[in-house]
Amino acid sequence: MRDLFWMRRWLEGLFGKVRPHTADVSAPGAPVWAEPEIPDEERAVLLVGILDDPMAREDEKYDAASALEFLSGPFVESSLARTIRAEDFTSVLAQHCAESLGGIWARTGRVNADFMAELRGPAKDEAFGILGIRAPHLLPPGAL
């Protein structure tokens with residue numbers, strides 16, 4: 001719990017930093033997590049922080065969920081799965097998260113079979129839809 005407090009303080013410091021906006025570094029008004037010089041691990045923490053932030057706007061959460069598709073690893077996948085569960089597999093946010101998770105599975109060529117079996121409703125439709133297009137061989141038999 002104490003680690004979560006320090007991570008949140010660290011993230012608040014990052015969000016509060018003013019970064020220069022130049023044509024070759026970033027687009028004016030781009031969110032801090034989109035800065036090209038941020039390592040992927042830090043970018044993942046920032047994006048998951050947005051998903052977990054009860055004060056974040058819906059559109060910010062949707063953007064964060066969509067951007068997580070381009071990252072990988074257990075932290076990203078478990079965070080997406082946690083959000084999908086918390087949203088009861090049905091919300092628009094759950095669908096964005098499921099789409100990103102399906103994209104990660106298709107890109108990496110592997111799925112989390114336990115969570116895949118747990119998927120249902122609109123979240124399942126999104127994840128299976130992405131897999132059906134990009135990596136149908138990863139779908140369970142009879143899923144198409």
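Predicted model: local features only at pLDDT ≥ 70, side-chain atom pairs only at ≥ 80, totals over all residues.

**Entry 1: salt bridges**

I started with Arg120, which forms a salt bridge with Asp88, the closest N and O atoms being 3.0 Å apart. For my notes, a salt bridge is a side-chain nitrogen of Lys or Arg within 4 Å of a carboxyl oxygen of Asp or Glu. This pair links distant parts of the chain, 32 residues apart: Arg120 sits in the loop between helix 6 (113–118) and helix 7 (121–134), and Asp88 in the loop between helix 4 (74–86) and helix 5 (92–108). Helices here are DSSP runs (H or I, at least four residues), numbered from the N terminus.

Residues are numbered from 1 along each chain as its sequence is written, and side-chain values use heavy atoms, with hydrogens and water left out.

Next I checked accessibility, with buried meaning under 20% relative accessible area, exposed over 50%, and partly exposed in between (1.4 Å probe, protein chains only). Arg120 is partly exposed at 41%, and Asp88 is partly exposed at 44%.

How many salt bridges does the whole structure hold? My search found 8. Within it, Asp59 and Arg57 meet at 2.9 Å, N to O.

I also looked up Arg43 and Asp40, whose side chains meet in a salt bridge at 3.7 Å, N to O. They are 3 residues apart in helix 2 (residues 40–52), so about one helical turn separates them. Arg43 is buried at 14%, while Asp40 is partly exposed at 45%.

**Entry 2: helix 5**

Then I moved to helix 5. Its 17 residues should span 24 Å at 1.5 Å a residue, and its end C-alpha atoms are 24 Å apart, which agrees. The expected span is 1.5 Å times one less than the number of residues.

Buried residues of helix 5 include Leu93, Cys97, Leu101, Ile104 and Trp105. What do the buried residues pack against? I noted helix 2, helix 3 (58–67), helix 4, helix 6 and helix 7, with contact meaning heavy atoms within 4.5 Å.

Last, I checked both ends. Ser91 caps the N-terminal end, with a side-chain oxygen 3.3 Å from the backbone nitrogen of Leu93. Just after helix 5, Gly109 takes a positive phi of about 75°.

Definitions and conventions. Helix = DSSP H or I, 4+ residues; strand = E, 2+ residues; numbered from the N terminus. Polar contact = N/O pair within 3.5 Å; in protein donor to acceptor, adjacent residues only side chain to side chain.
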